[in-house]
Amino acid sequence: SSGINAEYGGGNPKLKCNIVMQYMCMNNGTDADYPHNRGIKAADVTKNKLYMRDGTGRNTQNYKEPRRGGERNDVFLYRMKRLENNVNRRRGLHETLWWYDQCRYREANGGLFRADQNLGSNKIGYTSASRTRQNRRGTRRGFECPEERDYFPYWVPTYQTENVDEESQQRTPWIDVAWLGDKSRCNYIKENSFNRNAKHRCVLTKDLTDTRPYGRSINEA
């Protein structure tokens, strides 16, 4: 059994409150999951750090954001590999480094209600999906994407693939289970959940001298 606590006016008839339940899956790191078995060789140690887990400490994983104005694909891959190699096995890991980096690089949805909040911009020079009305300073909590966390259904793919390598930049972690809210919106929710609505992400060329393989814009051509 589980309990749910709805904050910020949940239950007030003047507000529309909803609760989204999702899950994610990943291998648990048994001997058979390692490329060389039993976690002995360097490749096993590296892969072990990328499995989902709760942390033994409260510190978040390290991260270095993209360069201002963008970066070439080879620079992007070098930065990500260094960060991936520095994932701390004693710290929690749920969403992947690649998932958060997409979020940090992707431009925020300008059609969202921001009230009186000035979201500012990241060091890369614009407001990205890592900043929302509820998180205007872009505070990072693990590798979760604040915009995906705060808005549902989300407009980029939210589904899981099995790869945990450089191709895992396409990996998105959350699968929808249930939506608790206004019954009049049930059909809309069902139609726009990624479980039933195959959304897409723009992936650019992989030429090493060209731009990184996913773009800044939500609807980049």
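Me: Hi! Leaving aside its neighbours within four places in sequence, which residues is S128 in contact with?
Reply: They are C103, R104, R106, E107, A108 and N122, where contact means heavy atoms within 4.5 Å. Keep in mind that this is a predicted model, where local features need pLDDT of at least 70, side-chain atom pairs count only at pLDDT 80 or more, and totals for chains, interfaces and linings use all residues. Residues are numbered from 1 along each chain as its sequence is written, and side-chain values use heavy atoms, with hydrogens and water left out.

Me: Got it. Where is S128 placed?
Reply: S128 sits in the loop between helix 3 and helix 4 (146–150). Helices (H or I, at least four residues) and strands (E, at least two) are DSSP runs, numbered from the N terminus.

Me: And is S128 buried or exposed?
Reply: S128 counts as buried, because its relative accessibility is 0%. Buried means under 20% relative accessible area, exposed over 50%, and partly exposed in between (1.4 Å probe, protein chains only).

Me: Which side chain does the side chain of S130 make a polar contact with?
Reply: That of S128, at 2.8 Å. A polar contact is a pair of N or O atoms within 3.5 Å; within protein, one must be able to donate a hydrogen and the other to accept it, and residues adjacent in sequence count only if both atoms are side-chain atoms. A polar atom of the S128 side chain also lies 3.0 Å from the backbone oxygen of R104. S130 is in the loop between helix 3 and helix 4 too, and it counts as buried because its relative accessibility is 1%.

Me: What about Q102, how far is its C-alpha atom from that of S128?
Reply: The two C-alpha atoms are separated by 9.6 Å, with the residues 26 apart along the chain. Q102 belongs to helix 3.

Me: New topic! Which residues make up the largest nonpolar core?
Reply: There are eleven: L50, Y63, F76, M80, L83, V87, L93, L97, W98, Y100 and F143. A nonpolar core is a set of buried Ala, Val, Leu, Ile, Met, Phe, Trp, Tyr and Cys residues joined through side-chain atoms within 4.5 Å. Helix 2 (73–85) and helix 3 (97–105) each supply at least two residues of this core.

Me: Which residues are in the second core?
Reply: That separate core has six residues, including C103, C145, Y154 and V156.

Me: Last one: is V177 buried or exposed?
Reply: V177 is exposed, because its relative accessible area is 53%. You'll find V177 in strand 2.
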